[in-house]
Amino acid sequence: YHIDHPFFWQRKVVDSQNRYYFYGNRDFILAPDAPKDSTWSFRPGGNVTASIDSVYQTRIFGRSDSVKRIRLSSGQTLRLTKNHGILAFPKVQDGVRYQLTGIGGAKQLGNTLGFKAIYDFQVGDMFQYEASGGFQPGQRYEGTTTRYRIKSREARGDTLIYGVAYKSIT
């Protein structure tokens, strides 16, 4: 395990006026409460913008849910759900695209997930991300798995600070 390595959610997240600022290797901004047709700077500095181009109802894991599709000016999209958080996230870090494929032992958190509900990690919690890629047809396929484990948790007022360890399994 490597200590203090940023993972998908980066090193630091700041909740400010219904926008979440993610700071780390590749900074980005999410505005999950923004209405349809809203636009904001996805990357600090303004080189990539985000806009909510679709809001719709669908069934996810057997439950009705509201989905917001956010289109980036880079051509990528991400999808957020009211009940499950991030459903799909574009390639923003190391060429990896994230997609929610299931929830093991999930707690029902109500209809809205706020900052504290999303980041209520406990020491020992583990997250696993799988990435795969290929080359030309007939050539070798490659896949990697990375596991992140919460090593420590500290609460300071409205701030949660986590120590994270990771291990890559090739």
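**Figure 1. Lysine 36 and its partner aspartate 37.** Lysine 36 is partly exposed because its relative accessibility is 45% (buried means under 20% relative accessible area, exposed over 50%, partly exposed in between, with a 1.4 Å probe and protein chains only). Its side chain meets that of aspartate 37 in a salt bridge of 3.5 Å, N to O (a side-chain nitrogen of Lys or Arg within 4 Å of a carboxyl oxygen of Asp or Glu). Aspartate 37, at 57% relative accessibility, counts as exposed. By this rule the count comes to 4 salt bridges. The model is predicted: local features need pLDDT of at least 70, side-chain atom pairs count only at pLDDT 80 or more, and totals for chains, interfaces and linings use all residues. Residues are numbered from 1 along each chain as its sequence is written, and side-chain values use heavy atoms, with hydrogens and water left out.

**Figure 2. The salt bridge of arginine 71 and aspartate 53.** The closest N and O atoms of this pair are 3.0 Å apart. Arginine 71 lies in strand S7 and aspartate 53 in strand S6, so the pair ties together parts that are 18 residues apart in sequence (strands are DSSP runs of E with at least two residues, numbered from the N terminus). Arginine 71 is partly exposed at 33% relative accessibility, and aspartate 53 is partly exposed at 23%. Salt bridges with shared partners join Asp53, Arg69 and Arg71 into one network.

**Figure 3. Serine 66 in strand S7.** Strand S7 covers residues 63–72 and includes serine 66. Serine 66 counts as buried because its relative accessibility is 18%. Not counting residues up to four places away in sequence, serine 66 touches Val55, Tyr56, Gln57, Leu80, Thr81 and Lys82 (contact means heavy atoms within 4.5 Å).

**Figure 4. Leucine 30 and the largest nonpolar core.** This core has 26 residues, and Leu30 is among those with the most contacts inside it (a nonpolar core is a set of buried Ala, Val, Leu, Ile, Met, Phe, Trp, Tyr and Cys residues joined through side-chain atoms within 4.5 Å). Elements giving two or more residues to this core include S3, S6 and S7. Beyond four places in sequence, the contacts of leucine 30 include Trp40, Phe42, Leu78 and Phe89.

**Figure 5. Confidence along the chain.** The mean pLDDT is 76, and 67% of residues reach 70 or more (pLDDT is the predictor's confidence in each residue, from 0 to 100). Residues 1–6 have pLDDT below 50, and pLDDT stays under 50 over residues 108–112. Where pLDDT is low, the predicted coordinates should not be read in detail.

Conventions: Helices (H or I, at least four residues) and strands (E, at least two) are DSSP runs, numbered from the N terminus.
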